[in-house]
Amino acid sequence: MTVKELQITEYVCQTHLNIYDSAQYDRLATQAARGRHLRVVSQEDAAIAVCLCEDDYPGWLLRSDVGKLQVATQAYQAKLVAEAEIRTFIPQVIAFTQAAMQQPNYYLWGGTVGPNYDCSGLMQAAFASVGVWLPRDAYQQEAFTLAITVEEMIPGDLVFFGVEKATHVGLFLGDGCYIHSSGEKMGRNGIGIDRLSEHGDAVSRSYYQQLRGAGRIVESYTKAGEQRSRQ
């Protein structure tokens, strides 16, 4: 398939693809794993605007990656997943993050397919591995979850950090610990486990100072579900 042949319709990624945050392709926005669906939104001077179907995340596709798309034979349909079922998946979600931590990795802004993730990309990938979709960014994940207090957290809940809005997220493991992918400036330049404590090491303390709260995943993302979470 060539750029000229590309139509405004739905496609399936035949390999992992990078999705950029502008038509200049100068910064990664997210990644689309093989098998994900995307819609072509528009073409402007051969710049291809797309939207990923599973999380409604917008971005820009490289012209050279057009040949890595295949027309979808069926449109993407979000699946409803009950809260009780999600709870049964939590051990697998935690295992995904811990396995990712064992691989050589570094923090990658926009990373969602591994081995290199950003914070919310790791959360999205871990839940997607069991068929549960989260919105892409930390502040979107915060809005999507059922808000709970830090004291109410159980393993599998998300913990959020930031000042004016959530800019960082981790997965609560229990016993005051959470796993997350953090950058070089405040974190470990990759996936690690830290404590929710003002008395921990330097990384734990730096994030604890920006602790915002916590949230529980009670549904898989659909556009309707995302709208309900914001009401």
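This is a predicted model: local features need pLDDT of at least 70, side-chain atom pairs count only at pLDDT 80 or more; totals for chains, interfaces and linings use all residues.
Me: How far is the sulfur of Cys53 from the closest cysteine sulfur?

Reply: Residues are numbered from 1 along each chain as its sequence is written, and side-chain values use heavy atoms, leaving out hydrogens and water. A disulfide is a pair of cysteine sulfur atoms within 2.5 Å. The closest sulfur to that of Cys53 belongs to Cys51, too far for a bond, at 6.7 Å.

Me: Is Cys53 buried or exposed?

Reply: Let's start with the cut-offs: buried means under 20% relative accessible area, exposed over 50%, and partly exposed in between, using a 1.4 Å probe and protein chains only. The relative accessible area of Cys53 is 6%, so Cys53 is buried.

Me: At which residue does α1 bend?

Reply: Helices (H or I, at least four residues) and strands (E, at least two) are DSSP runs, numbered from the N terminus. Helix α1 covers residues 83-102. A bend is the angle between axes fitted to the seven residues ending at a residue and the seven starting there. In α1 this angle is about 45°, with Pro91 following within four residues, and the bend is at Phe89.

Me: Which residues does Val130 touch, beyond four places away in sequence?

Reply: Val130 sits in the loop between α2 (119-128) and α3 (138-144), and its relative accessible area is 15%, so Val130 is buried. The C-alpha atom of Val130 is 7.1 Å from that of Val93, although 37 residues separate them along the chain. Taking contact as heavy atoms within 4.5 Å, the residues that Val130 touches are Phe89, Gln92 and Val93.

Me: Which elements do the buried residues of α1 pack against?

Reply: Among the buried residues of α1 are Phe89 and Val93, two residues that Val130 also touches. The buried residues of α1 pack against α2, β10 (168-174), β11 (177-182) and β12 (190-195).

Me: Which residue in β7 is the bridge partner of Val12?

Reply: In a regular strand, side chains alternate between the two faces of the sheet. In β1 (residues 10-13), Glu10 and Val12 point one way while Tyr11 and Cys13 point the other way. Strands pair if DSSP finds at least two bridges between them, and β1 pairs antiparallel with β7 (residues 69-71) over three bridges. There, the bridge partner of Val12 is Gln70.

Definitions and conventions:
The expected span of a helix is 1.5 Å times one less than its number of residues.
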